[in-house]
Amino acid sequence: MKARHPSESLAILTDFVLTGETNSLNNLFGGELLARMDRAAGIAAGRHSRRVVVTASVNHVAFNKAIPLGSVVTVEAKVSRAFTSSMEVYIDVWVEDRQSGDKTKANEAIYTFVAVNESGNPVEVPPIEPQTDLEKERYDAALRRKQLSLVLAGKMKPNDATELKALFI
Ligand SMILES: CC(C)(COP(=O)(O)OP(=O)(O)OC[C@H]1O[C@@H](n2cnc3c(N)ncnc32)[C@H](O)[C@@H]1OP(=O)(O)O)[C@@H](O)C(=O)NCCC(=O)NCCS
């Protein structure tokens, strides 16, 4: 399969924060942001693999900044690494200042998607070739994150997580 670049998978979702999507402090409800990120990441994984994809795990979410009612929120998702059937998708969330138009990073997350066939069984995806420094950094760290996720899910023995263990030795 021909390798693709992360930029080919880029998915960008921009939308307001509306009433009904906020918590009692009038900031964006965390579950709403998780859903927006899941949609963007699913589109990115679908663009990379050109297959049906399912969310296998949410590996990391950081709600660093509250996002107030009325904000314009942009969710950017890109495949950071492709393995055999799974893909790590890195998601950056930006909030736009209405007056200056400047965008501030509000949150980020990392999801894992798996490409599946009509029966829901995993299928192979194309490899990925990172281009920019940031894409290379995220690509390099993705294997350790996959191992950590599998260990926590009880699907890999800690002793087999060679690259992850190397961080602590
Ligand atoms: C995701 C799913 C297809 C994986 O099926 P499976 O039988 O566990 O298949 P495998 O063990 O062969 O794993 C497939 C890939 O997913 C990866 N994977 C599975 N669980 C993972 C986890 N918790 N974290 C990271 N990767 C994971 C495996 O490492 C493997 O990757 P690789 O092929 O690139 O090496 C299956 O569990 C599923 O359909 N889950 C429901 C998905 C869903 O409905 N999501 C919507 C939210 S409800």
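Start by selecting residues 7-119, the span that the unreviewed UniProt entry annotates as "domain: HotDog ACOT-type"; such annotations may be inferred rather than shown by experiment. You are looking at a predicted model, where local features need pLDDT of at least 70, side-chain atom pairs count only at pLDDT 80 or more, and totals for chains, interfaces and linings use all residues. Residues are numbered from 1 along each chain as its sequence is written.

The end C-alpha atoms of this span lie 29 Å apart, and 18% of it is helix and 48% strand. Helices (H or I, at least four residues) and strands (E, at least two) are DSSP runs, numbered from the N terminus.

Next, colour the largest nonpolar core, which has 31 residues. A nonpolar core here is a set of buried Ala, Val, Leu, Ile, Met, Phe, Trp, Tyr and Cys residues joined through C-beta atoms within 7 Å, with buried meaning 20 or more other C-beta atoms within 10 Å of a residue's own, all placed from the backbone. Ala-41, Val-89 and Ile-91 touch the most other members. Two or more residues come from each of α1 (30-49), β3 (72-82), β4 (86-96) and β5, and β5 gives the largest share, seven residues.

Now centre on Val-89. Leaving aside neighbours within four places in sequence, its contacts (C-beta atoms, placed from the backbone, within 7 Å) include Ala-41, Ala-44, Tyr-111 and Phe-113.

Technical notes. A residue is buried if 20 or more other C-beta atoms lie within 10 Å of its own, exposed if 12 or fewer, and partly exposed in between; C-beta atoms are placed from the backbone. Two residues are in contact if their C-beta atoms, placed from the backbone, lie within 7 Å.
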